[in-house]
Amino acid sequence: MKRILIVDDSFYMRTMLKNMLTDAGYEVVGEAPNGQTALELAKETNPDLITLDVILPDNTGLDVLKGIKKDQPDMKVIIVSAVGQEVIVNEAMEYGALSYIVKPFSEEKVLEVVSKALQD
């Protein structure tokens, strides 16, 4: 079973993603409401994939992405954010994100992107 860490400052978003992913047969190994917790949980749980929001209370998702990639260069990260500006999307991809999902999203879109990321 593939293990996923969800990082989002919104409890509602984390719950929604968690329900989608667990219903699809994935194991959610942790939920982080901020960047610091995200970095700690990424090390502790060593998930197969991380979903990461760009806007976090203590950090930017891009900084968290850089931190994760520094410690775990092979970690698979998908950005899930309401921020859809091209410059941010491009920056996230440059830092090593596999994909970028813009909120609001459909369950089909999330599961398709997650499934594709975990196949690579």
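**Entry 1: the annotated domain**

I began with the domain record. UniProt, in an unreviewed entry, places the feature "domain: Response regulatory" at residues 3–118. The model I am reading is predicted. Over residues 3–118 I found the chain to be 48% helix and 21% strand.

**Entry 2: the annotated aspartate**

I next looked up D53. The unreviewed UniProt entry gives "modified residue: 4-aspartylphosphate" at this position. D53 sits in the loop between β3 and α3. Is D53 buried or exposed? Its relative accessibility is 3%, so it counts as buried, the cut-off being under 20%.

I then listed what D53 touches, leaving out residues up to four places away in sequence. The contacts are V7, D8, D9, G61, V80, S81 and K103. With S81 I also noted a polar contact, side chain to side chain, at 3.4 Å.

**Entry 3: the cis peptide bond**

K103, one of the residues that D53 touches, took me to the next item. The peptide bond joining K103 and P104 is cis, with omega at about -5°. I noted for comparison that most peptide bonds are trans. P104 lies in the loop between β5 (99–102) and α5.

**Entry 4: helix α2**

Helix α2 covers residues 35–45. Which of its residues are buried? I found G35, A38, L41, A42 and T45. Looking down the axis of α2, I saw these buried residues fall within an arc of 125°, so they line one face of the helix. The general rule is that an α-helix has 3.6 residues a turn, so residues three or four places apart point the same way.

The face turned away from the buried side of α2 carries K43 and E44, which are exposed. I also checked what covers the buried residues of α2. The cover includes the strands β1 (3–7), β2 (27–32) and β3 (49–52), together with the helix α3 (61–71).

At the N-terminal end of α2 I found a cap, N34. A side-chain oxygen of N34 lies 3.3 Å from the backbone nitrogen of Q36.

Just after α2 comes N46, in the loop between α2 and β3. The phi of N46 is positive, near 45°, although N46 is not a glycine. I recorded N46 as partly exposed, with a relative accessible area of 47%.

**Entry 5: α1 against α5**

I turned to helix α1 (residues 11–23) and helix α5 (residues 107–119). How do their axes lie, and at what angle do they cross? The axes come within 11 Å and cross at roughly 65°. I noted the crossing as right-handed. For the contacts, L17, M20 and L21 on the α1 side meet E107, V110, L111 and V114 on the α5 side.

**Entry 6: K109**

Last I looked at K109, which is in helix α5. K109 is partly exposed, at 37% relative accessible area. I also took the C-alpha to C-alpha distance from K109 to F11, which is 20 Å. The two residues are 98 residues apart in sequence.

Technical notes:
Residues are numbered from 1 along each chain as its sequence is written. This is a predicted model: local features need pLDDT of at least 70, side-chain atom pairs count only at pLDDT 80 or more; totals for chains, interfaces and linings use all residues. Side-chain values use heavy atoms; hydrogens and water are left out. UniProt positions are given in the numbering used here, feature names are shortened, and annotations may be inferred rather than shown by experiment. Helices (H or I, at least four residues) and strands (E, at least two) are DSSP runs, numbered from the N terminus. Buried means under 20% relative accessible area, exposed over 50%, partly exposed in between (1.4 Å probe, protein chains only). The arc is that of the directions from the helix axis to the C-beta atoms. Contact means heavy atoms within 4.5 Å. A polar contact is a pair of N or O atoms within 3.5 Å; within protein, one must be able to donate a hydrogen and the other to accept it, and residues adjacent in sequence count only if both atoms are side-chain atoms. Axes are lines fitted to C-alpha atoms, for helices over the stretch in contact, and angles run from 0 to 180 degrees between N-to-C directions. A crossing is left-handed if the near helix is turned anticlockwise from the far one by less than a right angle, and right-handed if clockwise.
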